[in-house]
2 protein chains.
Amino acid sequence: MRFFSLPFLASLGVLAVPLVAASPPPSGDILGFTPASSRIQRDWENKFRALPDPARMRADMKLLAARPHHVGSPYDKQNAEWILKQFKDAGWDAHIETFNVLFPTPKQRLVELVAPTRFTAKLQEPPVPGDPTSFQTSEQLPTYNAYSIDGDVTGPLVYVNYGIPSDYDELARRGVSVKGAIVIARYGQSWRGIKPKVAAEHGAIGCLIYSDPGDDGYNDGDVFPKGPMRPADGVQRGSVMDMPTYPGDPLTPGVGATKDAKRLALKDVKVLTKIPVLPISYGDAKPLLAAIGGDVAPSGWRGALPITYKVGPGPARVHLVVKSNWDIKPIYDVIGQLRGSSSPDEWVVRGNHHDAWVNGADDPIAGQVALLEEVRALGALVKQGWHPKRTIIYAAWDGEEPGLLGSTEWAETHAKELAAHAVAYLNSDTNGRGYLGVSGSHVLEKFINGVMRDITDPETGASVESRARARSLAHASAATRKDIRGRADLHIGALGSGSDYTAFLQHVGVPSMNLGFGGEDQGGVYHSVYDDFYWYTHFSDTSFVYGKALAQTAGTAVMRLADADVIPYDFTDLAQTVGTYVTELKTLHKTMASDVVEHNREVADSGFFLTNDPRHPLTLPKAETAIPDLDFAPLDSATAALTRAATRYQAAFAQSMDGAATESFVKLNTDLLQSERVLLSDAGLPNRPWFKHLLYAPGYYTGYGVKTIPGVREAIEQKEWPLATTEIGRVSAALNAEAALVDRAATELGH
Amino acid sequence: MRFFSLPFLASLGVLAVPLVAASPPPSGDILGFTPASSRIQRDWENKFRALPDPARMRADMKLLAARPHHVGSPYDKQNAEWILKQFKDAGWDAHIETFNVLFPTPKQRLVELVAPTRFTAKLQEPPVPGDPTSFQTSEQLPTYNAYSIDGDVTGPLVYVNYGIPSDYDELARRGVSVKGAIVIARYGQSWRGIKPKVAAEHGAIGCLIYSDPGDDGYNDGDVFPKGPMRPADGVQRGSVMDMPTYPGDPLTPGVGATKDAKRLALKDVKVLTKIPVLPISYGDAKPLLAAIGGDVAPSGWRGALPITYKVGPGPARVHLVVKSNWDIKPIYDVIGQLRGSSSPDEWVVRGNHHDAWVNGADDPIAGQVALLEEVRALGALVKQGWHPKRTIIYAAWDGEEPGLLGSTEWAETHAKELAAHAVAYLNSDTNGRGYLGVSGSHVLEKFINGVMRDITDPETGASVESRARARSLAHASAATRKDIRGRADLHIGALGSGSDYTAFLQHVGVPSMNLGFGGEDQGGVYHSVYDDFYWYTHFSDTSFVYGKALAQTAGTAVMRLADADVIPYDFTDLAQTVGTYVTELKTLHKTMASDVVEHNREVADSGFFLTNDPRHPLTLPKAETAIPDLDFAPLDSATAALTRAATRYQAAFAQSMDGAATESFVKLNTDLLQSERVLLSDAGLPNRPWFKHLLYAPGYYTGYGVKTIPGVREAIEQKEWPLATTEIGRVSAALNAEAALVDRAATELGH
């Protein structure tokens, strides 16, 4: 284990530190468990956490990442069958569930500079001596963005920075339009699918997306194979399907893509891009960017290439061709279960995808091998006599990369059952070295904090919670530090999109969490041929101790959710978090209002005229419409109601766990099971009915990034004031319903 | 005039804007003038401001920048003689005052990488086709840093970012020492002389300073000759004399370097560097930096070269040789005067240097040609019958570039006269396109605001004050905007060092100001052979309208200072500004105290241990000594006294200017003349007695950058608590003395 040794610590003169920092041995009651149940549970957990084996994870990764295993490839199917065998060998009731999904693959790709000079992009990632799997060129998917429409376009090139809406505002101030142009955007700041979406809305006819060396190339460290960062020819593949509208198979929105499902005609699909898109390397991007003229790009737009970044349009002209095979391909979800002993109709679901863009050692095999160790360890516990109260379902999803296909189709197929039975969904995906990152439903915030306190960080010997807390403090402002120190639980982030929890949380309303370690390893091989066993075992969690920690964390969480006497939701953290969201919305609205006032004052005072450089003039802005008032009182009142109910429930819960008969919790658990579902709207979010959760959604213009209370927040951002008021009403109603449910739950506890 | 045309404005649909933005015609009383005097003054000023001629400035620049004219060169002397002739032709009483100063020039320069590969730096700036003066290689000073000691050293290379003290703290956290190493620092963030000074304090044996393309190269725009930015082989020459200790001739601190002055032996000079230093281009720096290994540099340390910036030490090893001719050279200050009619013993001094590193079109000829237009225009006014009340002295300084030599030796030689007679010193240096930048003594803040309101900006037709105000507002926080809008006068900056005002303000206590336009032109030719007529007339104030505006601004200020009935100092702006400095000091002290508390808490909580990455470990910090309390009450009380006196004086002044006999102001003016001198300390600042001003000084560890209330501020920064208390006492005493003087002045006004 190269990452930690006592001599290293001694040399720093900090021998005493591990003693004070080490986590106390697990003790005390576990959230949702009576004292008696807690004692039994701790014994089983201790047995469980001893089982995950780094050597086996290493071997599993070597095998699963041995060949390219994207959707439709032979090795994708072979992996699914091998994973199924692992489930069965471990004693699980397991099967493969197959769906048939639209999955385009490249038929023709061309990027050429046609003026002022000529250059044809390579669009190839070369093999690297020493890295055996990088030579598997015949099986590798070419570099492309899946679900780009077909197209053959030629136009002047415009550099649009990250290609997010505010970048187009900057261009407009410079009098630069992308109408009829091909845009080149760098990866980052938004999910990639947003870039062609926004470009098309502004009239662009094509889109290139490149990886700037300032974002994941040589700027941050040595490039592969000397170091972990992206080499000059490395390309980030990826989906550009409009997932903020709906993820999953584009032909079967809202229903499972089973063999006989009713399918949309390709022409009626709304989630393909409107313009052709291709990703390119910085090796290919450099001559294109260097050929762009016009204004020098704003300082925040400049990457790490040794050129003067300019915005265009032209004189660079680009010819872009994208043509795909629009085939239906089978995907293979591996589903295993351990049936619950006393509450089989309450389900705890855990998943990680198995498909990759190429070899995918980090993404997703690093998470998949942890999941497989959980499968083996839980199976071993069952053989030793452990019987989970609730049903445990483990899934190895296929088709995540193109568009969360496997998880979405499965969740859509089983939506009614999930709505009736699912306690929680726990997801993982990539995994690295460092700190546990947790995002998820805030009803699970207190629960996962309890888990984190009981998991040992392999580098420091302290608890995973201690490390995460220390990291939050190290980067915090004084105000944030005070908040962190004054709160029992660490805040967890909210979930947007970007992995397989999406359908569970945002379409069905299953309380969900995403778990993964990271922050100490960096890399630039994401979605390239170089995300492989060689890269992972040289630059990431090389000894798989964080793979073990992930298996311990997720597995412990699954066991607790499966065995708890009362489903371990807590509503005080939820209520407090909703309160901060409401405060954010008010601040957003207030800031927009004062910004408009200031803007209009500067217009009236000729401020923009007086600061305009005639040699580099910006378009002088006009006065803007004042921001109207917005009545947040319904949200305040609903948040207050939820807070009262949550406090009452928490008090009742604390009194009830000591010595109560566990049978008395049956009705309570049935009610609790619906608590996240209450936060959904059948009608869904404005313009995207598939997304039904009123608290969490991926941003319509940010992609993976979450927007909390999305209906209200996006209405404010888009200045749709009547809609904002309507959405405040819908969210407030849901929060009031949640408060009523929690209040009933407290009553059921007899307090 | 390419910078402005009505059709351009019309096309933006803002035809009405110039009407509202245009400055009102000058009217009302001028600060320090009775109503009757104001009327007469405005007539003369209007005549004056019509005279400066862009075409003549262009011709003057072409001539003065036609050949390299550094100290000791034939063309330096020729320029001085030509300038003298301009003074005389304009009717001034003028002469050349010669000093003899130490001025080293290169004899041997070598930078070679000797491991792991070999590379010899070019150390040459090549001629550029189309730019005639770039071909004058035989007359150009080689690229070097003047006042580097001689040396021949070889050692491992360490990259130290900007080479300021906090950069060495970062290196120490990574366990990197520069003892026995050669450091390479990038230009920027501090004055260049700080870099070898701090490097030597940390044990380095040599220092390279390079211009990173992220700071003034291709990152910001096209490089010369296509654009204004620094090309790959461009080098920033410059002095590395320890000017924060004392500027001027190193051999004659505190006295004029006249022929017979007593001189230090070279070995006793304290202001040479302790280690050899050379500046290099980014063309030369790239292979050196690319050869450095070790940790990847922190993200804020990375420039725009296409490499992974690492800190070292080694494996790169560098051989550095610097040898100079240590000659005494003559410098030629051109001094002209217009003798005052009624108060000849009150002097208004105005200067701009004429020497350059090479051709120096921007630095300093852009300012020098404006000064010459003032000389001609004031001479013309005298011929028309204008007789300034006070004596006006104009100076074209030599030897500014090596170390403010000409101005310092002149001010030291005439220190007693200046202390007795000088009303103000007005400086300029480079000049460009855009906004007027003003820094200076705050007794002149209200005065210069009045001047700015009466000068028309050539691009917008608005007043120079309106543009400066609009710019401040455009970049301000909400709190700062409120301050700006609530205050009659725009804040002016405080003066550190970096041009010829230094000796006047900080050694003699003459209220000083530095004036120059800029902010709309950028460039990367500073101190290179490419700062020449070709560059200036392609990329800067190409039509010399801002040269005209500078002549109008400085000339108007000189005329007002020379003719005012009461010397136009105001003490309310000073008192308020001192108040903000005191608040800054308290905040600095308080922040340091709370930072130490937080630091020690994180030490105690093992926070640094828990966030330390074992693969890239940082040295774990230890607990620090708590910051003691500091009694700021004396400063608060003195500031309050000054505020009271200033308010009383301002009221008395307002009542006195209307209809008073101007003779009654004679005694008052004599007293006012001493108001800045009261803020000096004979003993000077701690460790640097040459610097006597208690409110303004260049930072001992920042160089040009000002430290206000430097004795107290630097004592706090260096954690010298007893010294901080002593300095609080000294500054408070000076402020109390100033308050007493202002109070007496108010009494003299009869109120």
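**View 1. The two copies meet through the same surface.** In this predicted model, 98% of the interface residues of chain A are also interface residues in chain B, so the copies use the same surface to meet. The contact involves 41 residues of chain A and 41 residues of chain B. On the side of chain A that touches chain B, helix H2 (17-21), helix H15 (464-474) and helix H21 (607-610) of chain A each supply at least two residues. H15(A) gives the largest share of that side, with 6 residues. If you like to think in side-chain classes, the side of chain A facing this contact divides into 23 nonpolar, 9 polar and 9 charged residues.

**View 2. How are chain A and chain B related?**

**View 3. Chain A on its own.** Here you can follow 25 helices and 16 strands through chain A. The radius of gyration of chain A is 26 Å, close to the 27 Å from the globule rule for 751 residues, so chain A is as compact as a globular protein of that length. Along the principal axes, the C-alpha atoms of chain A fill a box of roughly 80 × 65 × 65 Å. Of the 751 residues in chain A, 58% are buried. Sequence separation is worth a look too: among contacts in chain A between residues at least 6 apart in sequence, 81% join residues at least 24 apart.

**View 4. The domains of chain A.** Chain A is divided into domain 1 (6-101 + 329-463 + 492-563), domain 2 (104-328) and domain 3 (572-748). As you trace the chain, note that domain 1 is written as 6-101 + 329-463 + 492-563, while domain 2 covers 104-328.

**View 5. Where domain 1 touches domain 2 in chain A.** The C-alpha centres of domain 1 and domain 2 of chain A lie 31 Å apart. In this contact, 39 residues of domain 1 of chain A meet 38 residues of domain 2 of chain A. The elements giving two or more residues to the domain 1 side are strand S1 (93-115), helix H11 (400-403), helix H12 (405-413), helix H17 (502-508) and helix H18 (533-539) of chain A. Which of them gives the largest share? H12(A) does, with 5 residues on the side of domain 1 that touches domain 2. By class, that side of domain 1 of chain A has 18 nonpolar, 15 polar and 6 charged residues.

Technical notes: Residues numbered from 1 in each chain as written. Chains lettered and ligands numbered in written order. Predicted model: local features only at pLDDT ≥ 70, side-chain atom pairs only at ≥ 80, totals over all residues. Contact = placed C-beta atoms within 7 Å. Helix = DSSP H or I, 4+ residues; strand = E, 2+ residues; numbered from the N terminus. Nonpolar A, V, L, I, M, F, W, Y, C, P; charged D, E, K, R; others polar. Rg over C-alpha atoms; globule rule 2.2 N^0.38 Å. Buried ≥ 20, exposed ≤ 12 C-beta atoms within 10 Å, placed from the backbone. Domains from an automatic or database assignment.
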